[in-house]
Protein chains: 6
Amino acid sequence: MTDTTQREQRFTRGKDILDAVDGTAGAKVIDALVDVSPELAHQIVAWGFGEIYSRPGLEPRDRQLVTLGMLTALGGAEPQLEVHINASLNVGLTPQQIVEALLHSAVYCGFPRALNATLTAKKVFAERGLLPVH
Amino acid sequence: MTDTTQREQRFTRGKDILDAVDGTAGAKVIDALVDVSPELAHQIVAWGFGEIYSRPGLEPRDRQLVTLGMLTALGGAEPQLEVHINASLNVGLTPQQIVEALLHSAVYCGFPRALNATLTAKKVFAERGLLPVH
Amino acid sequence: MTDTTQREQRFTRGKDILDAVDGTAGAKVIDALVDVSPELAHQIVAWGFGEIYSRPGLEPRDRQLVTLGMLTALGGAEPQLEVHINASLNVGLTPQQIVEALLHSAVYCGFPRALNATLTAKKVFAERGLLPVH
Amino acid sequence: MTDTTQREQRFTRGKDILDAVDGTAGAKVIDALVDVSPELAHQIVAWGFGEIYSRPGLEPRDRQLVTLGMLTALGGAEPQLEVHINASLNVGLTPQQIVEALLHSAVYCGFPRALNATLTAKKVFAERGLLPVH
Amino acid sequence: MTDTTQREQRFTRGKDILDAVDGTAGAKVIDALVDVSPELAHQIVAWGFGEIYSRPGLEPRDRQLVTLGMLTALGGAEPQLEVHINASLNVGLTPQQIVEALLHSAVYCGFPRALNATLTAKKVFAERGLLPVH
Amino acid sequence: MTDTTQREQRFTRGKDILDAVDGTAGAKVIDALVDVSPELAHQIVAWGFGEIYSRPGLEPRDRQLVTLGMLTALGGAEPQLEVHINASLNVGLTPQQIVEALLHSAVYCGFPRALNATLTAKKVFAERGLLPVH
């Protein structure tokens with residue numbers, strides 16, 4: 001099997017997982033990179049999803065909980081948080097659980113990070129007709 | 001006294017301080033949360049303001065100086081910085097002192113953080129008719 | 001009921017949860033604060049645990065997954081990460097799941113944060129006789 | 001020589017370097033500060049460029065490589081990253097090298113920081129007619 | 001006046017302020033740099049203290065309040081925080097005010113940053129015989 | 001070719017580059033992970049070095065300049081900075097250039113980050129008999 005074939009296979013495996021987790025939001029990020037850094041697009045898909053997300057040791061919903069925590073703490077990652085709040089809903093977390101996780105973040109990251117993340121969640125929930133959250 | 005009454009009392013105590021410090025800007029943040037995370041709104045008010053801001057050990061203007069330093073250093077907290085530059089003016093800091101504090105931040109956080117914070121201050125000062133700062 | 005009694009009740013409620021989640025590691029942090037900032041100790045317990053951790057909307061193990069993500073992303077929070085890797089084990093996450101969550105963090109925070117967190121986990125696992133992780 | 005003259009000389013020296021490195025983008029930042037914090041503008045120019053950038057120990061292109069790394073890692077510094085991706089092109093880095101440096105950042109800062117930086121580069125390259133990057 | 005003389009004068013002016021604010025702790029940092037980066041030592045003194053700290057627009061105690069906020073929020077800056085908690089005491093802030101400022105930081109940066117900063121304050125207070133803080 | 005063979009090949013390719021860039025320091029990090037997260041070790045080597053470092057678009061010395069900037073800006077990454085200051089020397093950067101890059105970081109990240117990074121460089125230079133830096 002050639003290197004090129006291996007590379008394509010790894011991309012394909014990652015793309016299937018990306019689509020399952022992130023839906024169309026993931027594909028949009030990949031498309032936005034095509035004329036500036038196709039290699040970054042490739043690595044997000046082939047490595048991030050194909051090699052890490054694909055591992056069996058942690059349930060998809062658990063991966064999203066960890067990811068919500070990281071993206072909230074990093075700050076300035078609202079576009080990625082938007083993708084992953086969608087992903088969290090896609091893999092079975094409820095709006096209530098997401099909102100609770102972001103409230104929990106206030107304890108460790110402070111209110112500004114919790115606020116920015118919660119207002120990003122509000123935007124996603126509005127687009128999906130999930131407001132108000134009770 | 002019931003738990004619910006206690007909870008309401010704590011919110012009311014915090015709300016009075018929030019309004020005194022942040023004016024209408026604080027209330028807007030609270031309103032934005034009502035349909036997505038009313039608990040986060042409650043905790044910002046009842047805990048952040050009712051329990052921490054209400055403590056006598058540090059003057060309101062001193063609390064805003066510390067807060068300006070933190071929000072500048074965190075980065076990505078421009079919406080909160082906007083609220084707290086307004087708050088700083090409300091509790092008696094002058095535009096000159098605010099600008100000087102943000103210049104000082106260049107020493108510890110570097111120019112990008114100082115720049116983003118100063119341009120946020122410019123926006124607030126413009127809205128309040130406080131430009132130019134001499 | 002007096003304010004002092006309410007305050008003590010809130011502390012007691014939080015302390016029970018802190019002990020259940022963090023074991024002796026949490027109590028050590030609280031003890032270290034007693035002569036410098038007893039109020040910070042009080043707020044960690046009464047608010048962090050009594051008001052946020054006590055909420056039913058997210059399972060204890062899910063709270064630790066979010067917390068592992070946040071502490072890894074923050075950086076410089078290794079002492080807290082040590083407490084919460086212990087806490088994660090206490091509430092039912094396996095060493096394998098913790099290690100997988102920290103591997104996952106490489107995708108969002110990069111290798112240095114993932115490395116520091118994983119070596120902190122190694123220290124905790126060694127103390128608890130849980131090495132090697134298979 | 002008076003203090004004022006020294007101050008003006010230091011500004012002039014820095015301004016020449018700022019213009020050479022950042023082109024009109026640097027001047028715009030300085031202009032935006034004139035009515036809010038002329039001292040911050042002065043210090044960016046006189047100190048940042050006049051004293052640090054002017055030093056001979058590191059080639060201008062090498063300074064931009066370090067700067068790209070820092071601004072990507074900081075997060076929330078997209079406006080400054082935009083200026084410095086332009087600067088990187090001005091001092092001889094190619095779009096391919098810039099894109100490669102930002103891909104490299106994924107290893108140390110994770111994909112969200114790499115993504116935000118790469119999409120900022122895309123914006124700059126589009127304005128300068130440099131897309132697609134091959 | 002030659003460039004070298006100007007440079008020495010700027011250093012001397014900064015050194016006087018550094019000594020007044022940071023006492024021997026500042027001098028130790030400068031000494032540690034002498035064989036690796038004398039220029040960084042020079043710039044901290046001549047620029048940080050000679051040009052920024054020396055400005056009249058903000059009282060020394062106010063500069064330290066902003067600085068405490070920034071160093072707490074940055075994380076990983078415990079050595080600098082140690083210097084500046086000493087500096088805060090030198091310019092008239094009380095241990096109670098410092099502890100209160102660090103408690104306040106929990107609202108904006110979360111408990112891990114507040115904890116690390118408070119335990120750094122504890123170390124400084126212990127060295128100066130200021131424990132317990134009442 | 002089996003998946004296992006591919007995986008081993010990718011590791012081997014990365015290990016050669018890791019050894020060339022990081023020398024024994026890289027190998028020590030990998031060894032430290034073997035009983036806690038062999039997969040993290042694998043991914044650092046096979047992906048970080050085998051897939052990203054191995055790319056031809058940026059010279060090894062340029063990759064280290066970007067990396068120095070990122071690790072300085074991240075904060076709390078001193079162990080990794082130590083490895084990469086060694087790596088920077090291994091691929092041809094001089095102590096003077098490294099020190100200059102870290103001085104440059106003061107402009108973008110502030111003095112605390114520049115100080116921590118420079119004192120880490122001092123430690124590495126001392127171990128390699130490269131002090132004082134002139």
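Two residues are in contact when they have heavy atoms within 4.5 Å of each other. With that in hand, let's look at two interfaces in this predicted model. Local features need pLDDT of at least 70 and side-chain atom pairs count only at pLDDT 80 or more, while totals for chains, interfaces and linings use all residues; side-chain values use heavy atoms, with hydrogens and water left out. Residues are numbered from 1 along each chain as its sequence is written, and chains are lettered from A in the order in which they are written.

**Chains F and E**

Here the contact draws on 15 residues from chain F and 19 residues from chain E. There is 1 salt bridge between chain F and chain E, where a salt bridge is a side-chain nitrogen of Lys or Arg within 4 Å of a carboxyl oxygen of Asp or Glu. On the chain F side that touches chain E, helix H5 (95-109) and helix H6 (111-127) each give two or more residues; helices are DSSP runs (H or I) of at least four residues, numbered from the N terminus. H6(F) gives the most, with 10 residues. By class, that side of chain F has 11 nonpolar, 2 polar and 2 charged residues. Nonpolar covers Ala, Val, Leu, Ile, Met, Phe, Trp, Tyr, Cys and Pro, charged covers Asp, Glu, Lys and Arg, and the others, Gly among them, are polar.

**Chains A and C**

The same surface serves both copies, as 97% of the contact residues of chain A recur in chain C.

The contact takes 31 residues from chain A and 30 residues from chain C. In chain A, A:Met70, A:His104 and A:Tyr108 lose the most area to chain C, together 24% of what that side buries. Buried area is the accessible area (1.4 Å probe) that two parts lose on being put together, summed over both. Between chain A and chain C there are 6 salt bridges.

| Salt bridge | Closest N and O atoms |
|---|---|
| A:Arg55 with C:Glu100 | 2.8 Å apart |
| F:Lys122 with E:Asp35 | 3.4 Å apart |
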